[in-house]
Amino acid sequence: MALPPLMPLDEAREKLLKELPRLCEVESLPTYSCAGRVLAEDVVAPINVPPAPNSSMDGYAVAFADLDGSELPVSQRIPAGHVSQPLQPGTAARIFTGAELPEGADTIVIQEDAEVTDSGAIRVVEKPKQGEWVRPAGMDLKQGATILTAGSRLSSAAIGVCASMGLTHLRVYKPLRVALITTGDELVEPGEPLGPGKIYNSNIQMIGTLLEQAGFEWVRIPRVADDRSATITALKSAVAKADAVLTIGGVSVGEEDHVKAAIESLGTLNLWRIRLKPGKPFAAAEINGTPIFSLPGNPMSSLVTFSLLARPCLMHLQGARLKLPLSLPLAAGFSRAAQKRDEYVRVAVVDGVARTLVSQNSGVLSSALTADGLLHLPAFEDIEEGKPYSFMPFASLLHD
Ligand code: AMP
Ligand code: MG
């Protein structure tokens with residue numbers, strides 16, 4: 001039977017994202033508990049941050065117009081958090097970092113630029129510019145401005161920004177529940193004896209970790225043998241337990257690959273085989289409305305297809321806007337004849353160029369430990385040394 005043509009990665013992702021629904025309900029949580037969650041509504045600043053002009057340095061608050069070379073008596077002292085009196089004309093106010101400026105002051109003389117005279121007045125040795133060292137009201141956030149939009153994933157910085165506006169709670173989506181099925185007669189779990197012909201099931205732990213880091217809840221389905229009816233049983237149980245299902249392995253064209261046929265007997269296959277290396281056998285399907293994503297079992301293929309295809313789709317189901325891993329132009333430190341698939345090669349950044357110092361075998365996961373990230377080599381193009389290609393650092397690919 002003829003195989004379907006290979007679909008380019010971007011086209012596959014676009015097609016899937018267009019067809020997938022949003023699955024999660026909304027809940028309100030304390031701001032502090034929202035890191036990693038997806039915002040369900042825009043956040044509009046209820047106040048200016050800072051609420052009033054304040055000093056960014058220890059020094060003296062003055063009216064710029066009073067800086068004519070004469071000494072200024074010190075008329076009040078304003079520590080951070082304390083209320084000031086209006087500034088008496090022709091005087092300075094001792095002020096500390098974070099304290100609000102008194103009415104009538106518009107500039108700070110930092111204490112290093114002021115000499116205190118015997119009478120306790122100040123002489124300005126270095127005249128500041130008007131408004132210098134003042135943090136105006138709303139410098140960080142303007143009241144009424146949209147600060148974060150629905151669909152963004154909340155970082156620790158976003159939590160800090162929300163807290164700076166005094167927001168006690170945020171409306172976020174409940175976490176998507178993802179069932180994870182690993183297939184293969186050869187798999188045993190760490191802790192079990194490694195009998196002849198067996199290998200440890202590493203993917204369940206790696207992809208489970210990636211699911212957790214992406215903010216999903218995941219359900220472990222017991223490992224499935226390479227058997228059609230066992231695969232069907234596992235898929236049914238996964239669909240009953242979760243909002244979406246990930247399968248790993250058994251989705252290629254071998255006689256022992258049962259995932260595709262099992263899915264087709266229960267639901268609809270939407271897409272199979274991507275013009276991608278590693279990761280060609282990726283599939284996407286649906287069983288009774290539950291989205292299924294099937295990753296090939298070679299660990300590097302699982303990692304790449306999860307990061308570039310499955311995770312963006314799961315994030316969409318979770319309510320998130322599309323955010324692809326950061327990519328930057330990086331010169332190739334090698335050349336290579338054109339190939340028929342887009343390849344994501346593991347490279348190290350050496351002297352500012354990408355070098356393929358590690359094994360590119362999709363069964364070699366340990367090369368992800370020494371490589372810095374993936375370099376995208378487009379299909380059907382001769383790869384030229386010195387030319388820039390898209391580089392995705394593992395720091396972003398694995399942790400975002
Ligand atoms: P498959 O996609 O099932 O054809 O598997 C491709 C390769 O990945 C085979 O060498 C499998 O032994 C290996 N593999 C499949 N699943 C896992 C897993 N969960 N953990 C580690 N290796 C796996
Ligand atoms: Mg297999």
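Pro50 is placed in the loop between strand S2 (43–44) and strand S3 (54–55); helices (H or I, at least four residues) and strands (E, at least two) are DSSP runs, numbered from the N terminus. This is a predicted model, in which local features need pLDDT of at least 70 and side-chain atom pairs count only at pLDDT 80 or more, while totals for chains, interfaces and linings use all residues. Residues are numbered from 1 along each chain as its sequence is written, and side-chain values use heavy atoms, with hydrogens and water left out.

| Cis peptide bond | Omega |
|---|---|
| Val49 and Pro50 | about -5 degrees |
| Lys277 and Pro278 | about -5 degrees |

Pro278 lies in the loop between strand S19 (276–277) and strand S20 (283–287). The loop between strand S18 (268–272) and S19 holds Arg273, a residue other than glycine whose phi is positive, near 80 degrees.

Helix H4 (residues 228–241) and helix H5 (residues 259–266) have axes that come within 9 Å and cross at roughly 55 degrees; axes are lines fitted to C-alpha atoms, for helices over the stretch in contact, and angles run from 0 to 180 degrees between N-to-C directions. H4 and H5 are therefore oblique to each other (angles under 35 degrees count as roughly parallel, over 145 as roughly antiparallel, 65 to 115 as roughly perpendicular and the rest as oblique). In the contact (heavy atoms within 4.5 Å), Arg228, Thr231, Ile232, Leu235 and Lys236 of H4 meet Val259, Ala261, Ala262, Ile263, Ser265 and Leu266 of H5.

Notes:
Chains lettered and ligands numbered in written order.
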